[in-house]
Amino acid sequence: MNIKIALAAITGAVALAGCSTMSAENPLVKTLAKTALTNGSGVVVGKAAIESVGASVYLVASVSGQTPGLHGIHLHSAGKCEAPDFSTAGGHLNPDAHQHGTLNPTGPHLGDLPNIEIAANGTGSMKAPLLLASEQLLATVFDADGAAVVLHAGPDDYKSDPSGNSGGRIACGVLSPAAK
């Protein structure tokens, strides 16, 4: 009888593993880099991470306390987030010198990402694919001056160069390697 119970438990565990979703608890998800996002007053308003699942790499972010609607969120070229305007984060991460935007025929930047939608309660989250293999991406993110994730006040129009007309920078976080 115990063998039947053990086999049933193993079968159930295998079935659940096949149906698992991508989450912090999923052993198939590997966090490569992470940051806390702080506003101009130094208050933490969210978090972001670069995660890999097999050969795919994503930026995953969540924020709270924000104005409802669409907001641009981008990878920026310098790992420096000096408040209040976060201009020290530089422009978008753009190692191939493309123009801004997925709707721009000569774009996009590596740092161009979809807008994050903030709900009426001020929270939002997003997951966006990044267009480099993890080794190349990490070499670019952790170059001599690092990289940052920046949340903007307005939506990205996906075409205006260099920043998509997404307004002021309202939160920023310097990416650091995830603990191994």
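A disulfide here is a pair of cysteine sulfur atoms within 2.5 Å. The structure holds one such link, and Cys81 and Cys172 are the two partners, with an S to S distance of 1.9 Å. The model is a predicted one, in which local features need pLDDT of at least 70 and side-chain atom pairs count only at pLDDT 80 or more, while totals for chains, interfaces and linings use all residues. Residues are numbered from 1 along each chain as its sequence is written, and side-chain values rest on heavy atoms, with hydrogens and water left out.

The link of Cys81 and Cys172 is left-handed, at -60° about the S-S bond. Cys81 sits in the loop between β5 and β6 and Cys172 in strand β9 (residues 169-174), so the pair ties together parts that are 91 residues apart in sequence. Burial is read from relative accessible area: under 20% is buried, over 50% exposed, and anything in between partly exposed (1.4 Å probe, protein chains only). Cys81 comes out as partly exposed, at 22% relative accessibility, whereas Cys172 is buried, at 2%.

As for the overall layout, helices (H or I, at least four residues) and strands (E, at least two) are DSSP runs, numbered from the N terminus. The chain has two helices and ten strands, laid out along the sequence as α-β-β-β-β-β-β-β-α-β-β-β. Of its 180 residues, 37% count as buried. With contact taken as heavy atoms within 4.5 Å, 61% of the contacts between residues at least 6 apart in sequence join residues at least 24 apart.

Next comes the interior. A nonpolar core is a set of buried Ala, Val, Leu, Ile, Met, Phe, Trp, Tyr and Cys residues joined through side-chain atoms within 4.5 Å. The largest one has 27 residues, and Ile50, Leu59, Leu75, Met126, Leu130 and Val149 touch the most other members. At least two residues each come from β1 (29-39), β2 (44-53), β3 (56-63), β5 (73-76), β6 (116-118), β7 (124-129), α2 (134-141) and β8 (148-152). The biggest giver is β3, with four residues. Another core, of five residues, lies apart from this one and includes Phe86, Ala89, Val150 and Cys172.

Ala33, in strand β1, is buried at 0% relative accessibility. Once residues up to four places away are set aside, Ala33 touches Ala48, Ala49, Ile50, Phe142, Leu175, Ser176, Pro177 and Ala178. The C-alpha atoms of Ala33 and Pro177 are separated by 4.4 Å, although the two are 144 residues apart along the chain. Val63, in strand β3, is also buried, with a relative accessible area of 5%.

Finally, the pockets. On a 1 Å grid over the protein atoms alone, a pocket is an open set of points where a 1.4 Å probe fits, with protein on both sides within 12 Å along at least five of seven lines; lining residues have an atom within 4 Å of a point. The second largest pocket is lined by 17 residues, and Pro108, His109, Leu110, Asp112 and Leu131 lie nearest its centre.
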